[in-house]
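Let us walk through a protein model together, one step at a time. Have a look at the chain below, and then read on.

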Amino acid sequence: MHELDKEEIVIPEEIALIPLRDMIIFPNLVVPLFVGREKSIAALEVAMKEEHIVALVTQKMTELQEPDIEDLYGIGTAAVIMQELKIPDGTAKALVEGLSRIEIVEFTQTEPYFRVKVKVLPEQEDKDIEVEALMRNLVLQFERAASLGKPIPQEVLLATSNIEEPGRLADFIAFHLNLKIDEKQQIIEAVNAHDRLEKVSIFLNRELEILEIGSKIQSRVKDQLTKTQKEYFLKEQLKAIQQELGLMDEQAAEMEELRAKIKAAKMPKEVNEKTLKELDRLARMSPQSAESSVIRTYLDWLIGLPWQKKSKQKLNLKEASTILDEDHYGLEQVKKRVLEYLAVHQLTNKMRGTILCFVGPPGTGKTSIGKSIARSLGRKFVRISLGGVHDEAEIRGHRRTYVGALPGRIIQAINQSGTNNPVFMLDEIDKVGADFRGDPTAALLEVLDPEQNFAFSDHYLEVPFDLSDVVFITTANMLETIPAALRDRMEIIPYSGYTEEEKVQIATKYLIPKQVGEHGLKDKNILIEDKALREVIREYTREAGVRGLERRIASICRQIARKVVEGEKKRLKITEKNLHEYLGPRQFSYGLAEEADEIGVATGLAWTEFGGDVLSVEAATLSGRGKLMLTGQLGEVMRESAQAAVSYIRSRAEMLKIDKNFYSEFDIHIHVPAGGIPKDGPSAGITIATALASELTKRPAKREVAMTGEITLRGRVLPIGGVKEKVLSAHRAGIKEIILPAENEKDLELVPKEVKEELKFFFVKHMDEVLELALRAKSKNGPKSAKAAKKQVSALNAN
Ligand code: ADP
């Protein structure tokens, strides 16, 4: 293709015409043209054969496929075809350059292509000031459009400022605006440059407005977006900061609070240091961590303990004596010992030294005396039960490394008392057991030992706690099972059971008023007659202490309380007759002595942890070969004593007039009811021997005679313990005669006079004496009394 020199081109008078769809060609602009319609291709062909010049006129309606003359605008552009490219599908592509505006003068032909006569519309070259101003304005507007975001290439912008001719500038800019076809046509038709510039300016202005609004919207949207986004981010940040700050504040506040509490706890120096160290550790931890809650609990414990808090000591022996009497009936020996203990305490002003150990059956007032001691010292009272404690950790706590570790029971109780000098009762010290889990005794020794307990170490606390101001009192039901090491440290104060008389007194003076009060009743509501009370003691309870009795009284009070609430106005009387309405059928029969004598059954006295008890020992012979059967949950010592009894009887066969070889013909069965309760001890020896002798000689044993004593192979009767308990229980059971080892005579001193007066005692040294006292003559020799004889007969018949 060769450069066209536009100056040299002369537009012929008559040229081929190609109708344009949807586009307008401006002079001086090079545009590619797609030619598809047959007519247009024909026109293109012709033009290429002639001067390469065509008339390009836009059709009024784009969608017309075959426009007619009247469908075409009258003014268009003459263009030179710079290049033609035929495409195999029959269409063609041409590169054309607009030359100048033309006006169609006349259509010389319409088929097979349009051919027109044209008139060239000359371009105005000169410019006045107004045109100049319009031009400048237009360029500025155009630039502004570009700056507002209209996509105009840089070189186009540059070109505008270089265009000198006003009409050409208008065309150039119009070409680059998004004008509709009819608008562009208006530009083509504006032959006058001034008009043209003005028109383009108006269109451009409109475009600018649109652009401006667009950009305003745009920036507003952007603003909006960034604003909300920013706000969101800021808010989030703020939240995080606040949270952080809040937590820190909270944590810092908590630390401060803890620090203040630690100060207020007045811990010993060493403990204080340790606590502060832990506090520092806590401060460095995330408050959410598991470890931090462990430390917090630990700190709470340390802070809560009464390091310095004491009850103010007050002690006035007279007052103490009054308090003890106020709270307890009887117990003279106990009160005496307690007062002595307090006196020593007052003199030395220390509770160091002996530790009291109250030993006796349940319900005999041990706890209650402990409380009175606390009251008279003006101290707090706490107690823990050691029953079933096997593990040292229960006393001393678990190390903090264990999950859920806590201090041991000692520290817990101290914490509970809130003072470091309470009266501390350790119950059931006879029931601590040692096994593979460790020996609690060692820990208890440390607790009770005045040389060590000023720095008692609890595994959990890790710091020593001073227990030296604590008044420890221990209680036990039996002396025998208290670990010896512990027993050595303690001053034993025995509590024996109460006599019926004492129980009546305790009930009327203490238990009944207490229960009446506790149930919200008044004296005018209830009256328990003396006889009824005795019946409660005899037939509804069988105990050394008064716990069961208190429970029965409480049960009566409950029922009275209900009646009062339901509208009962009268004072309700509990009599011997109506007692069963309140307590149901009686539970125990009073007076064993009134039962029939029997062969092979002897009455023994035993000492259990519940106090003394009356029991029967049964012996039976069955044909066999001398086997000895022992039943009734007998302990080792009791079994051995049964064997000794059998051997004694064998050695006395002749004297007892029984077959010497009885043991080769019989099996012997010895049973001690109640079979469910374990029993032990040697003191049933003479009772077993008596039962067996009765069985073998067929002489009935006297039921009103009860006995206790150890037996040797030779038949010697050895002393036993718990005489007072046993005598009291025999008295409770309505027994009249008691056989005791001679060496135990001195122990009767302790038995209340009124009980002794109602009983007959026999003191024996040998088993032979026992049999003489306990066995009746064979029935043919005649019973002592007619009444007994009758009973004996019926007993024999029953056999
Ligand atoms: P223990 O500790 O020996 O098992 P408690 O001290 O718990 O027995 O006594 C049981 C109940 O009997 C308590 O209500 C107690 O006040 C009362 N009690 C025991 N002995 C007496 C007594 N001698 N005088 C008044 N009340 C007593």
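A handy word to begin with is "buried": it means under 20% relative accessible area, while exposed means over 50% and partly exposed lies in between (1.4 Å probe, protein chains only). What you see is a predicted model, in which local features need pLDDT of at least 70 and side-chain atom pairs count only at pLDDT 80 or more, while totals for chains, interfaces and linings use all residues. Residues are numbered from 1 along each chain as its sequence is written, and side-chain values use heavy atoms, with hydrogens and water left out.

G363 is buried, because its relative accessible area is 13%. You can find G363 in the loop between β7 (355-359) and α11 (366-377); helices (H or I, at least four residues) and strands (E, at least two) are DSSP runs, numbered from the N terminus. Leaving aside residues up to four places away in sequence, G363 touches Y498, G545, V546 and R547, where contact means heavy atoms within 4.5 Å.

G365 also sits in the loop between β7 and α11. G365 counts as buried, because its relative accessibility is 18%. Its contacts, again without residues up to four places away in sequence, are H328, Y495 and Y498.

What does the record say here? In an unreviewed entry, UniProt lists G360, P361, P362, G363, T364, G365, K366 and T367 under "binding site"; such positions are given in the numbering used here, feature names are shortened, and annotations may be inferred rather than shown by experiment. Of these residues, G360 and P361 belong to the lining of the second largest pocket.

So what is a pocket? On a 1 Å grid over the protein atoms alone, it is an open set of points with protein on both sides within 12 Å along at least five of seven lines, whereas a cavity is a set where a 1.4 Å probe fits but cannot get out; lining residues have an atom within 4 Å of a point.

Of the 36 residues that line the second largest pocket, P494, Y495, S496, K724 and L750 are the closest to its centre. Among the elements, α10 gives the most to this lining, with four residues.

Where does this pocket lie? Domain 3 (317-494) and domain 5 (592-797) both give residues to its lining, so the second largest pocket lies between them. These domain bounds come from an automatic or database domain assignment.
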